[in-house]
Amino acid sequence: MNRLTKAAVVALALTTTAVPMLAEAQSRDRREYRQDRRDDRRDFRDERRDDRRDWRNGRYDNRQDYRRDRRDDRRDFRDERRDDRRDFRNDRWDRNNRDWWRGRSDFRGYNGPRSGYWYAPSYGYYRVEPRYYGYRWRTGGYLPSQYRSYYVRDPYFYGLREAPRGYRYVHAGSDILMIAVATGLIASVLSNVY
């Protein structure tokens with residue numbers, strides 16, 4: 001026999017013995033997995049049975065402690081939610097308060113209006129063409145493309161709903177505009193925010 005036929009015979013012998021051995025190993029793994037799951041279910045049933053016996057025999061101190069702990073947890077949760085709502089109400093934009101922006105991290109570096117510049121929270125001051133300084137934006141107009149990238153990071157702070165798909169809120173001077181992202185069409189205007 002030449003080498004090639006010997007190699008083919010050896011390969012055939014290996015495949016005929018290796019495939020059944022592999023299948024047997026996989027089925028053994030499946031059987032062990034099923035057995036483990038069966039044992040886990042049995043243990044869980046035994047634990048529940050023991051709990052029911054304790055409850056029937058009057059040994060239910062743990063259950064009362066458990067209920068008491070859950071009641072305390074619910075009270076704590078309600079108190080925390082109430083505090084969170086209070087904090088949320090106090091951390092909102094207020095049109096009547098002229099200094100609402102003081103102390104906010106996104107207004108770091110804001111020193112009031114500057115001639116020839118607009119300020120966008122979290123972005124800083126940026127230069128504006130003279131024709132747009134003091135410009136009154138109107139619904140149906142278009143925001144130039146160079147000013148469309150100053151997105152409002154937290155619209156909920158300003159009492160705005162989430163923008164519809166394809167629209168974003170942007171800072172334009174002291175105004176907030178909702179624009180179509182693709183075209184810059186102004187859908188709504190919130191004037192003189194700061």
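Helices (H or I, at least four residues) and strands (E, at least two) are DSSP runs, numbered from the N terminus. Aspartate 40 is found in one of them, helix α1, which covers residues 3-56.

This is a predicted model: local features need pLDDT of at least 70, side-chain atom pairs count only at pLDDT 80 or more, and totals for chains, interfaces and linings use all residues. Residues are numbered from 1 along each chain as its sequence is written, and side-chain values use heavy atoms, with hydrogens and water left out.

## Overall layout

The protein chain has two helices and five strands. From the N terminus on, the order is α-α-β-β-β-β-β. The chain holds 194 residues, and buried residues make up 24% of them. Buried means under 20% relative accessible area, exposed means over 50%, and partly exposed lies in between (1.4 Å probe, protein chains only).

## Charge on the surface

Two charged patches come next. Patches are made of residues with over 30% relative accessible area and no salt bridge; like charges are joined within 9 Å, and nonpolar side chains (Val, Leu, Ile, Met, Phe, Trp, Tyr) within 5 Å. Lys and Arg count as positive, Asp and Glu as negative, while His and the chain ends are not counted.

The negative patch gathers Asp29, Glu32, Asp36, Asp40, Asp43, Glu47 and Asp51. One of its members, aspartate 40, counts as exposed because its relative accessibility is 52%.

The positive patch is formed by Arg30, Arg31, Arg34, Arg37, Arg38, Arg41 and Arg45. Arginine 34 has its place in helix α1. Its relative accessibility is 44%, so arginine 34 counts as partly exposed.

## Salt bridges

Side chains of opposite charge can pair when their charged atoms come close. A salt bridge is a side-chain nitrogen of Lys or Arg within 4 Å of a carboxyl oxygen of Asp or Glu. The structure holds two salt bridges.

| Acidic residue | Basic residue | N to O distance |
| Aspartate 39 | Arginine 42 | 3.3 Å |
| Glutamate 129 | Arginine 131 | 2.9 Å |

Aspartate 39 and arginine 42 are three residues apart in helix α1, so about one helical turn separates them. Aspartate 39 is partly exposed, with a relative accessible area of 28%. Arginine 42 also counts as partly exposed, at 38% relative accessibility.

## Aromatic rings

A pair of aromatic rings is described by the distance of the centres and the angle of the planes. Rings of Phe, Tyr and Trp (its six-membered ring) pair if their centres lie within 6.5 Å; planes under 30 degrees apart count as stacked, over 60 as edge-to-face and the rest as tilted.

A search of the whole structure finds eight aromatic pairs. Among them is the stacked pair of tyrosine 132 and tryptophan 137, with 5.8 Å centre to centre and 15° between the planes. Both tyrosine 132 and tryptophan 137 are buried. Tyrosine 135 and tryptophan 137 form an edge-to-face pair, at 4.6 Å centre to centre and 65° between the planes.

Tryptophan 137 is buried because its relative accessible area is 7%. Tyrosine 135 counts as partly exposed, at 42% relative accessibility. Ring pairs link Trp118, Tyr132, Tyr135, Trp137 and Tyr147 into a cluster.

Key: Accessible areas come from the Shrake-Rupley method with a 1.4 Å probe; for residues, only the protein chains shown count as cover. The place of a charge is taken as NZ of Lys, CZ of Arg, CG of Asp or CD of Glu.
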